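Reader: I am new to this structure and would like to go through it step by step. Please show it to me before we start.

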Amino acid sequence: MNDKIVKFSLILFLFIVSSCSNKSPVFGENGMVVSTSRHASQVGIDILQAGGNAIDAAAAVGFALAVTSSSNGNIGGGGFMTAKLANGEVFTLDYREMAPKSANRDMYLDKDGNIIKGKSRSTHFASGVPGSVDGLLKAWRDYGSGVISRDQLMGPAIKLAREGFDLSIYEAERFNKNKERLSKHSETKRIFTRDDREWKKDDIFKQTDLANTLERIAKNGRDGFYKGETAKLIVEEMKSVGSWIDYEDLENYVSKYRQPVKGSFMGYEIISMGPPSSGGLLVVHMLNMLEKIIEGKNSDFDLSFNSVHYIHTLTELERRAYADRTEHMADSDYWDVPNSMFLSHDYAHERLKDINFKKATDSQLVEHGNPYSNQSEETTHYSIIDSEGNAVSVTTTINSGYGNGITVTGAGFLLNNEMDDFSSKPGEPNMFGLLGNEANAIEPKKRPLSSMTPTIVLKDDSPFLILGSPGGSTIITTVMQNILNVIVHDMNIQEAVSSPRVHSQWLPDMVFHEKNGLSPEIIDELKKMGHDVRMRGSIGEANGIMINEKGFWGGPDSRGENTAIGY
Ligand code: DON
């Protein structure tokens with residue numbers, strides 16, 4: 001081979017490598033939407049360009065995701081919204097599912113007190129009363145710009161459902177990968193699988209029943225879901241198991257504005273979601289502990305990104321924080337959650353006292369299976385900012401991928417399996433390995449404890465980061481690591497969301513890392529300190545925005561198919 005060809009090949013190789021490892025965020029001067037679906041992100045941008053604000057866009061994106069991201073987007077589930085408005089106002093909206101009134105604390109146990117396998121995950125009884133429709137419409141009504149009508153808000157989602165949209169390879173393969181699970185319920189099978197073949201990229205996916213349901217909501221507002229034809233279809237669907245969610249449960253569903261969780265870290269202000277989510281309080285509590293450690297650290301204590309000391313320290317904080325989560329956190333309408341304890345700097349200081357910075361602490365030993373073998377990452381987070389500076393952070397879910405796998409016959413949407421987030425039995429882990437005690441026991445109308453952590457970080461009282469993630473119990477540690485990646489490790493938002501993550505949660509007493517996330521030397525060192533280090537699939541899928549004087553920088557997580565669009 002002559003020299004010129006060798007040189008050309010080398011340049012070509014370097015070019016390919018550099019474009020593959022491109023970690024530049026997407027830029028926009030007037031607005032930014034980052035979500036898991038390219039169609040939904042475009043819907044958000046179209047709403048902003050039509051004169052809507054970030055709240056209008058967030059509601060429209062929520063409805064669009066219900067069409068284009070069936071495994072996690074939803075009208076059959078719930079979510080949380082955190083917002084910081086350009087006028088300074090902050091709100092957090094809880095549209096988490098509620099347990100139906102006939103729920104009771106032992107409903108997933110057999111007569112011997114053992115868990116009935118699958119009942120809280122893949123049966124009609126797994127579903128809480130959905131909150132998304134009430135929540136999205138409430139946010140739009142109370143904080144939207146006033147220039148976007150309900151028809152405009154829902155029109156794009158209805159069009160995507162009725163006329164269909166082209167599946168990406170990722171979406172097609174996700175359906176194919178879940179074919180067996182999606183074939184268990186006849187209506188789910190009819191809509192989400194093809195008898196004769198697999199889904200392919202560019203197949204047009206139409207959902208007529210869902211389009212009709214969305215049209216009823218566009219016409220009648222929340223009554224288009226919680227009353228009338230849609231309510232009738234939900235209640236009919238429940239008849240296959242006798243009864244579960246009934247008309248009264250639907251009519252009584254209410255989303256609620258909650259007291260935002262506020263904290264600070266190294267001069268930045270953190271705003272996040274409080275109970276019934278555990279996310280905001282735990283992130284603030286762990287950052288409080290970390291700030292104390294950073295203040296007191298000596299020069300040979302290396303807290304650089306994914307160093308041994310860094311991972312050991314995060315693990316020790318997480319161990320303590322998740323132990324408190326188990327004992328103290330739940331729906332605050334039903335349980336006295338000690339918010340002030342979690343927010344207290346004194347408590348954070350106190351909690352640090354027994355950390356040995358050279359050796360792992362033993363978490364209390366509890367019998368459990370390994371919940372991490374095949375965990376899906378099937379919640380979704382989206383972040384939005386508009387030209388005025390209204391910032392919105394939304395995490396929404398039907399819990400596991402495609403929820404309980406049951407589609408409301410005739411209404412075209414999947415139901416959640418959020419009841420599994422309750423503690424079915426003290427000491428028994430849920431699908432995320434999370435334990436629960438009395439606090440999170442099942443009660444009628446109560447909301448299950450969540451880890452979803454839609455967060456906004458402020459700098460000089462203005463939005464600086466908009467962040468969140470799916471990932472069950474790993475959501476909280478993912479959000480924390482993203483904040484640290486930007487503030488402590490000086491990464492841009494694309495690097496921050498895409499960098500390898502670690503996770504630990506008290507029990508199971510293990511430190512998880514992603515493939516290629518930690519070097520063999522670091523793993524060895526951690527093991528020597530007493531940590532049980534395990535590799536697992538991806539941890540979280542964060543979609544963030546960073547804001548500076550130049551404009552808005554969108555960071556879609558490279559782990560999934562996420563799309564940032566700015567303008
Ligand atoms: O609310 C929660 O914490 C869970 N239902 C979230 C589920 C989730 O993130 C699924 N992804 N693994």
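Reader: Which residues does Gln207 touch, leaving out those up to four places away in sequence?

Author: This is a predicted model. Gln207 sits in the loop between strand E6 (204–205) and helix H10 (208–220). Not counting residues up to four places away in sequence, the residues that Gln207 touches are Val67, Ser70, Ala161, Phe165 and Phe192.

Reader: Is Gln207 buried or exposed?

Author: A residue counts as buried when its relative accessible area is under 20%. Gln207 has a relative accessible area of 4%, so Gln207 is buried.

Reader: What domains is the protein divided into?

Author: Each domain is made of separate stretches of the chain, as the residue ranges show. Domain 1 takes in 3–27 + 262–378 + 452–566, and the other part, 32–258 + 391–440, is domain 2.

Reader: How many Å apart are the C-alpha centres of domain 1 and domain 2?

Author: The two domains touch: 61 residues of domain 1 are in contact with 51 residues of domain 2. Their C-alpha centres are separated by 26 Å.

Reader: What area do domain 1 and domain 2 bury between them?

Author: Carbon and sulfur atoms carry 62% of the buried area. The total that the two domains bury between them is about 4,100 Å².

Reader: How many salt bridges does the rule find across the interface of domain 1 and domain 2?

Author: Polar contacts are counted separately, and between the domains there are 15 residue pairs of this kind, both residues at pLDDT 80 or more. By class, the side of domain 1 that touches domain 2 has 29 nonpolar, 22 polar and ten charged residues. For salt bridges across the interface, the rule finds four.

Reader: Which residue forms a salt bridge with Arg258?

Author: In this pair the closest N and O atoms are 4.0 Å apart. The partner of Arg258 is Asp331.

Reader: Where is Val284, and is Val284 buried or exposed?

Author: Val284 belongs to helix H14 (residues 279–296). The cut-off for a buried residue is under 20% relative accessible area. Val284 has a value of 1%, so Val284 is buried.

Reader: What separates the C-alpha atoms of Val284 and Ile270?

Author: Val284 touches Val261, Gly263, Ile270 and Leu343, when residues up to four places away in sequence are not counted. Val284 and Ile270 are 14 residues apart along the chain. Their C-alpha atoms are separated by 7.3 Å.

Note on methods
Residues numbered from 1 in each chain as written. Predicted model: local features only at pLDDT ≥ 70, side-chain atom pairs only at ≥ 80, totals over all residues. Heavy atoms only, no water. Domains from an automatic or database assignment. Contact = heavy atoms within 4.5 Å. Buried area = accessible area lost by both parts, 1.4 Å probe. Salt bridge = Lys/Arg side-chain N within 4 Å of Asp/Glu carboxyl O. Polar contact = N/O pair within 3.5 Å; in protein donor to acceptor, adjacent residues only side chain to side chain. Nonpolar A, V, L, I, M, F, W, Y, C, P; charged D, E, K, R; others polar. Helix = DSSP H or I, 4+ residues; strand = E, 2+ residues; numbered from the N terminus. Buried < 20%, exposed > 50% of the residue type's maximum accessible area, 1.4 Å probe, protein only.
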